[in-house]
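Here is a protein chain to go through by question and answer. Each answer sets a value against its definition.

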Amino acid sequence: MRCLRSVRKAAAAPACEGGACRLRSLFWSFLKIGAFTFGGGYAMIPLIKSEVVDRRRWVEQDHFLELLVLAQSAPGPISLNAAVFVGYRARGIKGALSALAGVVLPSFFIILAVAVYFSSIRDNRVAAAALEGMRPAVVALILAPLWSLAKGMGAWRIAMAVAACLAVWYFGLTPIYFIIAGALGGMAWTWYKTLGR
């Protein structure tokens, strides 16, 4: 199917030729993203987009959206999957490993430190107040990419996304059903348009 080929092409086609994307640059870029993002994988999306699409131009906007689809559909956290796909597109296997190491190491060391000192800070009022103060910023980081990602979707796709969100929230349905339905619907639509030609 053409839609599957386009998604595979987005992940596989090298974005940099002749070593333009250094492995060190991939590592440091994702290290910064991993070190300064709070709120989980979705909060990383605007930072990843800003770094790899707007600043570094390693990935084009359309390809970035396709990579996010792959990252969301694959098992594992979306931030790690996105780092792997972006790194692979930029510099192949070595790029994927560099981006993955960069995004994982900050969280690893932070969680290690928290685990060591957790008993001494869990009742600390200053630490609790800091975490409470981060919540609005985390919500803003999660909502920020929705605006930029929705610009190129079109009205009917936005309507479908809103309907799926409401169904998941109100009826408690698992999102995997909507991911599978969207994939099958996209393949069927592409097949129908191909036959029409």
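Q: What makes the span of helix H2 agree with its 13 residues?
A: The expected span of a helix is 1.5 Å times one less than its number of residues. For H2, residues 23-35, that should give 18 Å. The end C-alpha atoms are 18 Å apart, so the two agree. Helices here are DSSP runs (H or I, at least four residues), numbered from the N terminus; strands are runs of E of at least two. The model is predicted: local features need pLDDT of at least 70 and side-chain atom pairs count only at pLDDT 80 or more, while totals for chains, interfaces and linings use all residues. Residues are numbered from 1 along each chain as its sequence is written, and side-chain values use heavy atoms, without hydrogens and water.

Q: Which residues of H2 are buried?
A: Ser 25, Leu 26, Ser 29, Phe 30, Leu 31, Ile 33 and Gly 34. An α-helix has 3.6 residues a turn, so residues three or four places apart point the same way.

Q: Why is Ser 98 called buried?
A: Buried means under 20% relative accessible area, exposed over 50%, and partly exposed in between (1.4 Å probe, protein chains only). Ser 98 has 15% relative accessibility, so Ser 98 counts as buried. Ser 98 lies in helix H5, residues 78-121.

Q: What does Ser 98 touch, not counting residues up to four places away in sequence?
A: Leu 23, Leu 26 and Phe 27. Contact means heavy atoms within 4.5 Å. Leu 26 is also one of the buried residues of H2.

Q: Is Tyr 177 buried or exposed, and what makes it count that way?
A: Tyr 177 has 54% relative accessibility, so Tyr 177 counts as exposed. Tyr 177 is found in helix H8, residues 175-196. Tyr 177 and Ala 164 are 13 residues apart in sequence, and their C-alpha atoms are 9.7 Å apart.

Q: Which residues of H3 meet H4?
A: Tyr 42, Ile 45, Ile 48, Lys 49, Val 52 and Val 53. On the H4 side they meet Gln 61, Phe 64, Leu 68 and Gln 72. By class, this contact has seven nonpolar, two polar and one charged residues. Ala, Val, Leu, Ile, Met, Phe, Trp, Tyr, Cys and Pro count as nonpolar, Asp, Glu, Lys and Arg as charged, and the others, Gly among them, as polar.

Q: How many helices and strands does the protein chain have?
A: Eight helices and zero strands. Buried residues make up 26% of its 197 residues.
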